[in-house]
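The following note concerns the pockets of this structure and the residues that line them. Please read the points alongside the model.

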Amino acid sequence: MSNNQTNEGLCTVLQSGVLSFPVTDYSYDGSVDLDAYARRLEWMNSFAPAAIFPGAGAGEFFSLTGDEYDALLKTAIETRRHAAPVIASVGYNAQVAAAGARRAEAIGANGILLMPPYLTRATQDGLFNFIRAVCDSVEIGVIVYNRGTCELALETIQRLADACRNFVGVKDGHGKVETILSLRLALADRLLFINGMPTAEMFAYSYAGIGIPTYSSGVFNFVPGIATAFQRSLASNDRDRSDQILREFYLPYSRIRGDKPGYAVTILRAGATIIGRPAGQPRPPLVDIATSEFAQLEALIEKTAQLAA
């Protein structure tokens, strides 16, 4: 898939399966290990994700330098299979995000995931200007991560859709179902909406019930078979199967993930280690999950391995 595809085509592809957010590999000295990252992507790509989002939240985007991120993005593009699109992350502030988006487009990314602005909460006009600056900097499609310091009102999203032809989607991480339903009802013919909640599978029924079946899966990093099985059961409305996977895997997994701040990221690294694909130590301020919780996750993965069948 080339990066000059239509943005409408990109949205169609993103709705076709699980969205993959790989963790970033670090070597023993804490530097990014691109060779290990390439091997990780080759393995994950063998499970045919609908798209690859290098860096992003699961990949510690905010822990990476610009040069490191560009190298990750190049590696993801070089190793992709099945013409799966590669969506680059940008963020921090308008100037940094726009410059990152231009570099990503030049490298060959198929789209942009715009992360929330760093630290500062802003007015709706401020968020509009932040997002428009990034959209205006590139031709490829821009998906906005509506989470944290970015909480967009319906009117702001409508303004962006009218002003920016390459504003193509909203990934929602606030979980306000009434609000996201209002957005979908008003703009479903114009924008793609993605369930971007932490452990999105736990919210999949709520989002799918209002017409938003697309979501991102962190656990694809270490149990891609379970992630894919759940997505297929959801798509086929096999409630018995999806209930089983939620009950036996996602519920106990979420209890571990929610124990401490930052675990939403580092539990993915722990899972990768358990299956024999370690990614190194997370960068500060993130910390590894505790030894006792590592053991709980290890037992859960072993217990539920057959769910992927």
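1. The lining of the second largest pocket comprises eight nonpolar, four polar and five charged residues. Here Ala, Val, Leu, Ile, Met, Phe, Trp, Tyr, Cys and Pro count as nonpolar, Asp, Glu, Lys and Arg as charged, and the others, Gly among them, as polar. The model is a predicted one, in which local features need pLDDT of at least 70, side-chain atom pairs count only at pLDDT 80 or more, and totals for chains, interfaces and linings use all residues. Residues are numbered from 1 along each chain as its sequence is written, and side-chain values use heavy atoms, with hydrogens and water left out.

2. Of the 17 residues lining the second largest pocket, Cys11, Ala188, Arg190, Leu191 and Leu192 lie nearest its centre. A pocket is an open set of points on a 1 Å grid over the protein atoms alone, where a 1.4 Å probe fits, with protein on both sides within 12 Å along at least five of seven lines; lining residues have an atom within 4 Å of a point.

3. Helix H1 (7-14) gives the most to this second lining, with three residues. Strand S7 (192-195) supplies at least two. Helices (H or I, at least four residues) and strands (E, at least two) are DSSP runs, numbered from the N terminus.

4. The largest pocket has 39 lining residues, with Gly57, Ala58, Met115, Arg147 and Val265 nearest its centre. Its lining divides into 24 nonpolar, ten polar and five charged residues. H11 contributes the largest share, four residues.
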